Amino acid sequence: MYSGTNVILVTNNETMIGLLSSELVQLRNIDSILIRNYQDTLTTIESEKPQAVIINCQNSIEEPFCLDLIKKIKNISSVPIILLVENYNPQFIRIANKSGISDVLSIQYGNSEILMRTIWSLQKNELRQQHKKYEKLLTQLNAIDKKTGFYTSKYSNKVLQNEMDYLASKQIDGVIIALEPNKNSRLKPSTTNIIETIKNNVRATDTVAHTRYQNTFYLLLANTNLEGSMVVWNRLNKH
C-alpha cells in the first residue's frame with residue numbers, strides 16, 4: 001500500500017542525514033522523505049514506489065558501491081536518481097550518467113539548491129508519468145503505433161497540421177522531412193533498422209508519423225531551420 005513517500009535519501013553518513021533531512025522536510029506539503037542506507041534501498045524502492053531517489057556518495061571509496069546501486073535501481077524502477085557528491089570526480093560522474101542518473105549535485109551547492117533541484121526532479125517525473133498515461137490512451141485509440149511509438153497514418157495529417165499551427169503561432173522554426181528507403185540502393189534496410197535510426201536521430205520534441213506507404217515516414221523537426229534539418233538528414237542518410 002502506498003504510504004505517501006516521495007523521496008528516498010540514501011546515505012551511510014550520519015552527519016549528512018541531519019544536514020539534508022532538515023532541508024528536505026521543506027518539500028511540498030504532499031511530499032515526504034525516508035532515510036535509508038545502501039543495503040536497504042532496493043527493498044524500500046520496491047515497497048514504497050518513490051518519485052525520486054537521492055544517493056549521497058561521500059568519497060572515492062564509496063563510488064563503486066554507488067555505481068552498483070544506481071544500476072540495480074534502474075533494473076527495477078524508472079525512478080529519477082539524483083547523485084549528491086562531496087568530491088567532484090569527472091570520470092565517476094560520466095559513468096554515473098551512462099548508468100542512468102537524472103541529475104548530479106555537489107554538497108557545496110548548498111541546501112537550498114539541493115531542495116530546489118529535488119522539487120524539479122519530482123515535478124519532471126510527474127510530467128513524465130502523465131505523458132505515459134496520455135501515450136497509452138492514444139495507443140488504445142490507434143493514434144500511436146504500439147510497436148514504433150510513432151503516430152499512425154490514420155492521424156498523421158491531423159497531428160502534423162496541429163504541430164505546424166502551434167509552431168506558426170509561436171513563430172518557431174520547423175522543417176518537415178519525408179523519409180523513405182532508397183529503392184535503387186543495394187542495401188535493403190529492415191523496418192526495424194529504419195525505426196531505430198529515426199529514434200536515434202530525433203529529439204523528444206520532434207514529431208514522427210507513419211504515412212500510408214510501408215517504411216515511409218514524416219518527420220517534423222521543431223525549433224529547427226533548414227540548415228539544422230540537413231544535419232539530421234545527413235545522419236539518417238548514413239544508415
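Q: What share of the contacts in the chain with a separation of 6 or more comes from residues 24 or more positions apart?
A: Those residues account for 66% of them. Contact means heavy atoms within 4.5 Å. This is a predicted model: local features need pLDDT of at least 70, side-chain atom pairs count only at pLDDT 80 or more, and totals for chains, interfaces and linings use all residues. Residues are numbered from 1 along each chain as its sequence is written, and side-chain values use heavy atoms, with hydrogens and water left out.

Q: OK. How many helices and strands in the chain?
A: Eight helices and eight strands. Both are DSSP runs numbered from the N terminus: helices are H or I with at least four residues, strands are E with at least two.

Q: And how much of the chain counts as buried?
A: 40% of the 239 residues. Buried means under 20% relative accessible area, exposed over 50%, and partly exposed in between, with a 1.4 Å probe and protein chains only.

Q: Now the five-strand open sheet. What's the order?
A: The order is β2-β1-β3-β4-β5, with parallel pairing. Two strands pair if DSSP finds at least two bridges between them.

Q: Which strands are at the edges?
A: β2 (33–36) and β5 (103–106), each of which pairs on one side only. From one strand to the next, the twist averages 20°. Axes here are lines fitted to C-alpha atoms, for helices over the stretch in contact, and angles run from 0 to 180 degrees between N-to-C directions.

Q: What packs on the sheet, touching β1, β2 and β3?
A: Helix α2 (residues 41–48) does. The direction of α2 makes about 155° with that of β2. Helix α3 (residues 63–76) lies across β1, β3 and β4 and runs at about 165° to β3.

Q: How many bridges join β3 to β4?
A: Five, between residues 52–57 of β3 and 81–85 of β4. Leu 83 is the bridge partner of Ile 55. Val 53 stands opposite Ile 81.

Q: Is β4 mostly covered or uncovered?
A: Mostly covered, with five of its five residues buried. Ile 81, Leu 83 and Val 85 point one way, while Ile 82 and Leu 84 point the other way.

Q: Why do the side chains alternate?
A: That comes with a regular strand, where side chains alternate between the two faces of the sheet.

Q: New topic: what volume does the largest pocket have?
A: About 580 Å³. On a 1 Å grid over the protein atoms alone, a pocket is an open set of points with protein on both sides within 12 Å along at least five of seven lines, a cavity is a set where a 1.4 Å probe fits but cannot get out, and lining residues have an atom within 4 Å of a point. Grid points are joined across faces, edges and corners, and a volume is the space filled by probe spheres set on the points.

Q: Which residues lie nearest the centre of that pocket?
A: His 131, Gly 149, Tyr 151, Ala 204 and Asp 206, out of 20 lining residues. α5 (111–140), α6 (153–169) and β7 (207–210) each supply at least two lining residues. The largest share, four residues, comes from α5.

Q: How many cavities of 30 Å³ or more?
A: One. The largest cavity holds about 30 Å³ of space. Its lining residues include Cys 57, Glu 63, Val 85 and Phe 92.
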